[in-house]
Every structure is written in C-alpha cells, then in structure tokens.
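Here are a few exercises to work through with the model open beside you. Try each task before you read its solution.

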Amino acid sequence: MTPDGHVLEGTAVATPGPAAPRGRRGRRAVDVPDLVARARDGEARAVARLISLVEDAGPALRDVAAALTPHTGSAQVLGLTGAPGVGKSTTTTALVRALRAAGRRVGVLAVDPSSPFSGGALLGDRVRMQDHAGDPGVFIRSMASRGHLGGLAWATPQALRVLDAAGCDVVLVETVGVGQSELEVASLADTTLVLVAPGMGDGIQAAKAGILEVADVLVVNKADRDGADRTVRDLRYAQSLGGRHTGPGAWRPPIVRTVASRGDGVDRLLDEVEAHRRWLAGSGEGARRRTERAAREIEAIALTGLRERIGEVRGSAALAALAGAVVAGETDPYRAADRLLASL
Ligand SMILES: Nc1nc2c(ncn2[C@@H]2O[C@H](COP(=O)(O)OP(=O)(O)OP(=O)(O)O)[C@@H](O)[C@H]2O)c(=O)[nH]1
Ligand SMILES: [Mg+2]
C-alpha cells in the first residue's frame, strides 16, 4: 500500500466509516453514480471501491454494471498467461513501464484463480509493482476469483469494465496458475500473450497443454538462458503442425524473445501487440471476440440466476406436489420437469 493508494487494495477501501449509513448485511450504502463519476476522474479509491463491489457480487452489482457500461469499450485488454515462474509479473511490470513511457494509462489485474492459501506469488507481485506506486496513470489490483462460480469468468469482466471506464488505454490481465485459467484469460483478452521459458515447459509441452491455440503472441522469456533457440524452434515446429492460425488471412502468432528482467525485447513485443490490434480491427475478428465475450458473460449471469432459482425449488411445495403426482401415476417425470421449468 502506498500513500497515494494506486496499488488498489480492496480491504483498505471496503471498511465502512463510523458515521456511514448502512445497507444490507451491515455494509455501507453505496452511491454508485457518484463512485463512477469519481472513478472516471481517475480517483484511485473510487476505482478500488468499484472493483471490491463487483468482487463481492453484492446487491450493488447490477447498478455498477449499468452505470459503467456506457463508458466502456475503449480499453485494449492484454492477457498474459503461462506456467508458474515463467516471468508473467516481470513482463507485466516491463510492459507497464514501456506503456507509461508512451503516455498510455494502464490497468493491471493480477488474477489468482486458485485456493486462498496460495497467495504468495501475488504478494511478491505487489512488492515489485511498487515501482509504479503513486503514478496516477497506473491502477493495479490483485483479485482472487476463488469462491466464484465459474472462476475468472465471474468477476474479471466487471473489474475490466471498471478499469476501462476509469480511462485505462490498456489493461493487462495476469493469471497465476495453470490449466483452465489460461483458457479463460484468453476468452477475456483482445490479445493473449503466452509466455514460455527455456527449460521449463518447452514449446512442445506448451503445444500439448493446448496453450499455443490461445496465443496471439508467443513470448520466449528468459532468452538470456541456455536453450532459448531450441524453445523458439520447438514453437515454430508446433505452429507448423497447424491449428486455428492457418488459412488465408489468418493471424500467425509471432514469436518474440524477451529478457523481461532487463526490459529487453519489450518494445518489439509491444510492436507485435499493436500489429495484432490492427489485424483485429481490419479483419473483424476484434468485434467478433468482443461479441463472443459479451455472450459468455450473459450466459454466465443467466446460468447463475437459474442455479439460484433451481436451488429454491429443492424442498419446495411445488416440487413435492409434482413428485406426488409422478408417484400417483398422474404424470411422468419429464412432463413434471417441464412444468417445473416453466414455473421458474
Ligand atoms: N534470467 C531471467 N530471469 C527472469 C526473467 N524474467 C523474470 N525472471 C525471474 O523469474 C522469476 C519469476 O518471475 P515472475 O515474473 O514472478 O514469474 P510469474 O510467471 O509471474 O510467476 P507466478 O506469478 O508465480 O506464476 C523471478 O525471479 C524473476 O526475476 C528473464 O527474462 N531472465
Ligand atoms: Mg506472477
């Protein structure tokens, strides 16, 4: 935490003031339009509070989404993914530095989709991110998506919306961990950077894990280490085997070498990101991705609502009556289920 508070800590702003009026569950009642106005002015505390509200998924969530949406759509979302320790946070820090030097406003979301007991990596990230603490052009936030149905899919799009509305030109999303989260971050991002390092999860392993498929730009980080050439060759070979990046007009993910700890290769990386942004705009793929993203979000919200209502059904009188009718042979379970669904 910093005096200026630009490293956005949820707990620091979620604490109700002593004289604050209280809403449901003892929380301070929220003036959403005021918060959104202050966030749009770049006030870090308001941005942090809004992200806390969407993380909590409390009653204000709908109002927050409604108030933010008209002010969104301009931020470019970059996802960073890759095996633990490959250099995602170091690369994020180097990208923030380069983007700030170019005068862009930057948001960073570090998402930990794993258990509450593995926060060590994020803690380390925060320390390194202090480089940018106090810079009003950078918002940094760690999020734990544990406990949310659908993991990342739940709160991250809303947090992105907050940073977008707060005027970030670019939002970097780093996920910690492996597996599903990598695929999820790709579905959130306009451009997905997949990081690989020599000697750990080489190109062929990355191909097996399916993460090459989601890469828009492949980054061979730790290029100062032995084996970087071989990793690049492996990746080229894996790419030559085909996948979604083949065919006329398709984007062929470039392979960029970086030494993130020294900032080497980061400008070239940003050039490739820019080339991908132009391709997204020119090919229509950018609009397609955003529409797909919105569709998934609606689906996730609707499914959550349905699950809640189905939960209310269990043990209800209506269900008991239908069960009785099935036992009595008055109806069959399929028709009973149809009636139950129709009543939702
Ligand atoms: N030699 C070398 N070390 C690097 C480079 N980039 C990062 N590192 C080091 O690699 C280690 C891990 O880097 P992080 O940026 O924390 O990796 P990460 O992918 O964010 O790790 P998790 O968040 O735990 O998954 C740190 O000690 C970095 O200093 C690089 O280009 N070369
Ligand atoms: Mg990290």
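**Exercise 1: the surroundings of ligand 1**

A backbone N or O atom of G87 sits 3.0 Å from an oxygen atom of ligand 1, which is within the limit for a polar contact (a pair of N or O atoms within 3.5 Å; within protein, one must be able to donate a hydrogen and the other to accept it, and residues adjacent in sequence count only if both atoms are side-chain atoms). Before going on, note that this is a predicted model in which local features need pLDDT of at least 70 and side-chain atom pairs count only at pLDDT 80 or more, while totals for chains, interfaces and linings use all residues. Residues are numbered from 1 along each chain as its sequence is written, chains are lettered from A and ligands numbered from 1 in the order in which they are written, and side-chain values use heavy atoms, with hydrogens and water left out.

Task: describe the shell around ligand 1.

Solution, step by step:

1. Start from the backbone. K88 has a polar backbone atom 2.8 Å from an oxygen atom of ligand 1, and a backbone N or O atom of S89 is likewise 2.8 Å from an oxygen atom of the ligand.
2. Next, look at the cover. Ligand 1 exposes 650 Å² when taken alone, and the protein buries 75% of that (accessible areas come from the Shrake-Rupley method with a 1.4 Å probe; for residues, only the protein chains shown count as cover).
3. Then find the elements. Helix 5 and helix 6 (120-129) are the ones that give two or more residues to the shell, and helix 5 gives the most, with three residues. Helices (H or I, at least four residues) and strands (E, at least two) are DSSP runs, numbered from the N terminus.
4. Now count the shell. Ligand 1 is surrounded by 17 residues, the closest being G87, K88, S89, T90 and D224; a residue is near a molecule or strand if one of its heavy atoms lies within 4 Å of it.
5. Finally, sort by type: the shell has six nonpolar, six polar and five charged residues. Here Ala, Val, Leu, Ile, Met, Phe, Trp, Tyr, Cys and Pro count as nonpolar, Asp, Glu, Lys and Arg as charged, and the others, Gly among them, as polar.

**Exercise 2: the magnesium ion**

Task: which protein donors hold a place at the magnesium ion (ligand 2)?

Solution, step by step:

1. The donors are S89 (OG) and E174 (OE), which lie 2.1 to 2.2 Å from the ion. Donors are N, O and S atoms within 2.8 Å of the metal (3.2 Å for Na, K and Ca); water is not among the atoms, so sites may look incomplete.
2. S89 belongs to helix 5 (residues 88-101) and E174 to strand 5 (residues 170-175), so the pair ties together parts that are 85 residues apart in sequence.
3. Both S89 and E174 are buried. Buried means under 20% relative accessible area, exposed over 50%, and partly exposed in between (1.4 Å probe, protein chains only).

**Exercise 3: helix 13**

Task: how does the reach of helix 13 compare with the expected one?

Solution, step by step:

1. Helix 13 (residues 285-313) has 29 residues.
2. From first C-alpha to last, helix 13 reaches 41 Å, close to the 42 Å expected at 1.5 Å a residue. The expected span is 1.5 Å times one less than the number of residues.
3. The buried residues of helix 13 are E285, G286, R289, R293, E297, T304 and V313.
4. Just after helix 13, G315 takes a positive phi of about 85°.

**Exercise 4: a positive phi in a loop**

Solution, step by step:

1. K222 is placed in the loop between strand 7 (217-220) and helix 11 (228-240).
2. Its phi is positive, about 60°, although K222 is not a glycine.
3. Most residues other than glycine have a negative phi.
4. K222 is buried, with a relative accessible area of 19%.
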